[in-house]
Amino acid sequence: MPYDLDQFIADCRSLLSRDPGPVGRDQVRVQLERLLANPDFVRAYCGDDVPRGLKVLYEDPDLGFQILAHINDKARVSPPHDHGDSWAIYGQATHYTDMIEWERVDDGSDPGHARLQPTKTYRLMPGHAGIYQDGKIHSIDYPDHARFIRVTGSNLDKIKRVRFDLETGKVHQMTPQQAT
Ligand SMILES: [Fe+2]
């Protein structure tokens, strides 16, 4: 039997109950890659017939994590951003996403300004998932029709997050689901 969404949800629950920290989350990342290796799942949730937009596939009532399908039509480049106190896992379903991980190189004394430098650049291909632990800053760049599954530690619409303007160095508060 191919690994399906229900089994993935059950595994997320047991892995994150046992270890909600970085190790448990990375085990979720590995299981997400297993889910994305199931062509029936990819077709049903990320296929050509799936309506465009952002869909919450599951939210856990106890642990608070969410599983989201990002069904994109148009290419997009996001600014560098964090996921607040949460973490995020991005699993590529179709096409690809270019990822850049960033770190702050200023002393953090001015909450309104930051200087960033890239630390890691890579392309996430279908079937692969990347993890961004709490506080990590990343930016994403994907072509038309790229689709991905995201798992977040909590509902990001409910927590404070920031995005960074690379030209001016300004730090902006983010609005719900902006920049993903
Ligand atoms: Fe993100």
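Which side chains meet in a salt bridge of 2.8 Å, N to O? In this predicted model, the side chains of Arg104 and Asp106 do so, a salt bridge being a side-chain nitrogen of Lys or Arg within 4 Å of a carboxyl oxygen of Asp or Glu. Arg104 is partly exposed, with a relative accessible area of 32%, and Asp106 is likewise partly exposed, at 21%. Here buried means under 20% relative accessible area, exposed over 50%, and partly exposed in between (1.4 Å probe, protein chains only).

The model is predicted, and local features need pLDDT of at least 70, side-chain atom pairs count only at pLDDT 80 or more, and totals for chains, interfaces and linings use all residues. Residues are numbered from 1 along each chain as its sequence is written, and side-chain values use heavy atoms, with hydrogens and water left out.

Two sheets are described first. Five strands form an open sheet in the order E1-E2-E9-E4-E7, with antiparallel pairing. Strands (E, at least two residues) and helices (H or I, at least four) are DSSP runs numbered from the N terminus, and two strands pair if DSSP finds at least two bridges between them. E1 and E7 are the edge strands of this sheet, each pairing on one side only. On average, neighbouring strands of the sheet are turned by 20 degrees against each other, direction ignored; axes are lines fitted to C-alpha atoms, for helices over the stretch in contact, and angles run from 0 to 180 degrees between N-to-C directions. E1 and E2 run antiparallel and are joined by six bridges. Within this pair, Glu59 has Gln66 of E2 as its bridge partner.

Two helices lie across the five-stranded sheet. Helix H1 lies across E1, E2 and E9 and runs at about 60 degrees to E1, where contact means heavy atoms within 4.5 Å. Helix H3 lies across E1, E2, strand E4 (88-94) and E9, running at about 95 degrees to E4.

The other open sheet has four strands in the order E3-E8-E5-E6, and its pairing is antiparallel. Strand E3 (76-77) and strand E6 (116-124) stand at the edges with a single partner strand each, so one side of each is left without a neighbour in the sheet. Strand E5 (residues 97-104) pairs with E6 in the antiparallel sense over eight bridges. Asp98 has Arg123 as its bridge partner in E6.

Charged side chains link several of these elements. A search of the whole structure finds 10 salt bridges. Among them, Asp62 pairs with Arg13, the closest N and O atoms being 3.3 Å apart. Asp62 lies in the loop between E1 and strand E2 (66-71) and Arg13 in helix H1 (residues 5-18), so the pair ties together parts that are 49 residues apart in sequence. Asp62 counts as exposed at 58% relative accessibility, whereas Arg13 counts as partly exposed at 30%. The side chains of Lys136 and Glu101 also meet in a salt bridge (3.6 Å, N to O). Lys136 is in the loop between strand E7 (129-132) and strand E8 (137-142) and Glu101 is in strand E5, so this pair ties together parts that are 35 residues apart in sequence. Lys136 is partly exposed, with a relative accessible area of 31%, while Glu101 counts as buried at 5%.

Two further arginines were examined. Arg52 is found in the loop between helix H3 (39-46) and strand E1 (53-59) and is partly exposed, with a relative accessible area of 42%. Not counting residues up to four places away in sequence, Arg52 touches Ile71, Asp73 and Arg147. The C-alpha atoms of Arg52 and Arg147 are 9.8 Å apart in space, although the two residues are 95 residues apart in sequence. The side chains of Arg52 and Asp73 are joined by a polar contact of 2.8 Å; such a contact is a pair of N or O atoms within 3.5 Å, of which, within protein, one must be able to donate a hydrogen and the other to accept it, and residues adjacent in sequence count only if both atoms are side-chain atoms. A polar atom of the Arg52 side chain also lies 3.3 Å from the backbone oxygen of Asp48.

Arg150 is found in strand E9 (residues 147-152). Arg150 is buried yet has no salt bridge, and the nearest side chain of opposite charge, Asp157, is 6.8 Å away; Lys and Arg count as positive and Asp and Glu as negative, while His and the chain ends are not counted. The side chains of Arg150 and His70 are joined by a polar contact of 2.9 Å.
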